[in-house]
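I opened my notebook to record what I looked up in this structure, entry by entry. The sequence and the model come first, and my notes follow.

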Amino acid sequence: MPEIKIALAGNPNAGKTTLFNHLTGARQHVGNYPGVTVEKKEGFFQHKGQEIHVVDLPGTYSLTAYSVEELVARDFLVGERPDVVVDVVDASNLERNLYLTVQFLELGVPLVLALNMVDVARSRGITIDTGKLSQLLGVPVVPIIARSGEGVEQLMDTVVAVAADNKATLSPALLRYGPDLDPVITKMTAIIGEHQLLTDLYPPRWTALKILEDDDQILDKIRKASPPLADELLQLSQTVTAHLQQTLDVYPEAIIADHRYGFIKSLLRQGVVTRQFRTDRLY
Ligand code: GDP
Ligand code: K
Ligand code: MG
């Protein structure tokens with residue numbers, strides 16, 4: 001295969017840079033993303049003869065338009081289309097880290113989960129069933145210890161396999177957002193899909209969610225593409241927002257976040273995580 005391009009993404013302190021350094025050694029270059037002062041680290045390495053170009057993305061907890069790091073990360077993913085996104089997840093903080101994972105799934109990027117810091121999780125008595133987690137998320141999960149390099153070879157075997165498999169791309173996850181939002185999301189998604197609004201960049205359902213989250217960057221792009229459709233979509237968003245404000249005193253963002261956490265909680269409850277009581281450390 002010609003060179004493949006991968007991105008390391010994940011929460012701050014999940015171990016992205018440790019993994020990046022392990023992979024690239026001295027073959028790395030530090031610059032900035034165009035127009036912003038966010039550091040961009042890129043590097044090259046070979047895995048079993050396959051040349052790989054790797055970018056260490058800024059750490060983020062979400063993919064909103066509220067911070068420059070989050071904008072840089074998502075613009076890179078939709079603009080540069082890496083062959084594989086390696087989501088570096090802190091195994092000792094699984095629930096919080098998966099909040100970003102869910103958003104990658106909704107964005108429909110080709111994902112491999114690097115379940116990092118399994119040594120830390122283990123020392124806290126946490127065991128994670130990676131097979132089960134993989135099955136429930138629908139993406140490969142590979143346990144690693146970035147600091148020692150354990151598991152990194154298996155991770156790269158998986159990354160190369162996913163890059164070779166075009167089927168892995170663009171099957172965005174379908175989370176439910178409850179009786180208030182689901183109907184309007186369906187309606188907006190249909191309008192966006194029918195008129196192919198920003199569909200070269202985002203899955204229609206993702207764009208609909210961003211409009212409901214009042215995402216300035218996406219709203220601007222839609223206005224530029226079609227002012228009448230922007231009006232129509234904003235109207236739908238404003239109507240449901242007013243209703244939610246009146247009945248529950250919340251904004252759609254809060255409902256969306258609640259449902260993402262609900263999805264993760266129910267997933268983790270299905271036997272993914274086992275906790276062992278360490279009586280030796282309690283007393
Ligand atoms: P980043 O913010 O995602 O780039 O995270 P870093 O690579 O800077 O890692 C954050 C901290 O976690 C550093 O102190 C690393 O040495 C440590 N770290 C990274 N991976 C592991 C691991 O697998 N096990 C342990 N115990 N520590 C790790
Ligand atoms: K850091
Ligand atoms: Mg880092």
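**Entry 1: the annotated binding site**

I began with the UniProt record, where an unreviewed entry places the feature "binding site" at G10, N11, P12, N13, A14, G15, K16 and T17. I kept in mind that what I was looking at is a predicted model.

I then looked up G10, one of the annotated positions, and found that G10 lies in strand 1, which covers residues 4-10. Is G10 buried or exposed? Its relative accessibility is 2%, and because buried means under 20%, G10 counts as buried. Leaving out residues up to four places away in sequence, I noted that G10 touches K16, P58, G59, T60, D87, V88 and L100.

Next I turned to T17, which is also in the annotated site and has its place in helix 1, residues 16-24. With a relative accessible area of 33%, T17 is partly exposed. When its neighbours within four places in sequence are set aside, T17 is in contact with K41 and D56.

I stayed with helix 1 and asked which of its residues are buried. In helix 1, I found K16, L19, F20, L23 and T24 to be buried. These residues cover an arc of only 115° around the axis, so they are on the same side of helix 1.

What do the buried residues of helix 1 pack against? I listed strand 1, strand 2 (28-32), strand 3 (39-47), strand 4 (50-56), strand 5 (84-90) and helix 6 (152-164). Just after helix 1, I also noted that G25 takes a positive phi of about 55°.

**Entry 2: helix 1 against helix 6**

I reminded myself that two packed helices are described by the angle between their axes and the distance between the axes. For helix 1 and helix 6, the axes come within 12 Å and cross at roughly 85°. Because angles of 65 to 115 degrees count as roughly perpendicular, helix 1 and helix 6 are roughly perpendicular to each other.

I then looked up which residues make this contact, and found that L19, H22 and L23 in helix 1 meet V152, L155 and M156 in helix 6. The residues of this contact divide into five nonpolar, one polar and no charged.

**Entry 3: I4, in strand 1**

I went back to strand 1 to look up I4, which has its place there. With a relative accessible area of 1%, I4 is buried. Leaving aside its neighbours within four places in sequence, I recorded I4 in contact with Q50, E51, I52, H53, D83, V160 and A163. I also wrote down a separation: the C-alpha atoms of I4 and L181, which are 177 residues apart along the chain, are separated by 38 Å.

I looked up D119 and found it in helix 4, residues 118-123. Its relative accessible area is 32%, and D119 is therefore partly exposed. The C-alpha atoms of D119 and I192 are separated by 45 Å, while the two residues are 73 residues apart along the chain.

T207 has a relative accessible area of 0% and is buried. What is T207 in contact with, leaving aside its neighbours within four places in sequence? I noted I192, L198, Y202, I218 and I222 as the contacts of T207.

Terms used: Residues are numbered from 1 along each chain as its sequence is written. Chains are lettered from A and ligands numbered from 1 in the order in which they are written. This is a predicted model: local features need pLDDT of at least 70, side-chain atom pairs count only at pLDDT 80 or more; totals for chains, interfaces and linings use all residues. Side-chain values use heavy atoms; hydrogens and water are left out. UniProt positions are given in the numbering used here, feature names are shortened, and annotations may be inferred rather than shown by experiment. Helices (H or I, at least four residues) and strands (E, at least two) are DSSP runs, numbered from the N terminus. Buried means under 20% relative accessible area, exposed over 50%, partly exposed in between (1.4 Å probe, protein chains only). Contact means heavy atoms within 4.5 Å. The arc is that of the directions from the helix axis to the C-beta atoms. Axes are lines fitted to C-alpha atoms, for helices over the stretch in contact, and angles run from 0 to 180 degrees between N-to-C directions. Angles under 35 degrees count as roughly parallel, over 145 as roughly antiparallel, 65 to 115 as roughly perpendicular and the rest as oblique. Ala, Val, Leu, Ile, Met, Phe, Trp, Tyr, Cys and Pro count as nonpolar, Asp, Glu, Lys and Arg as charged, and the others, Gly among them, as polar.
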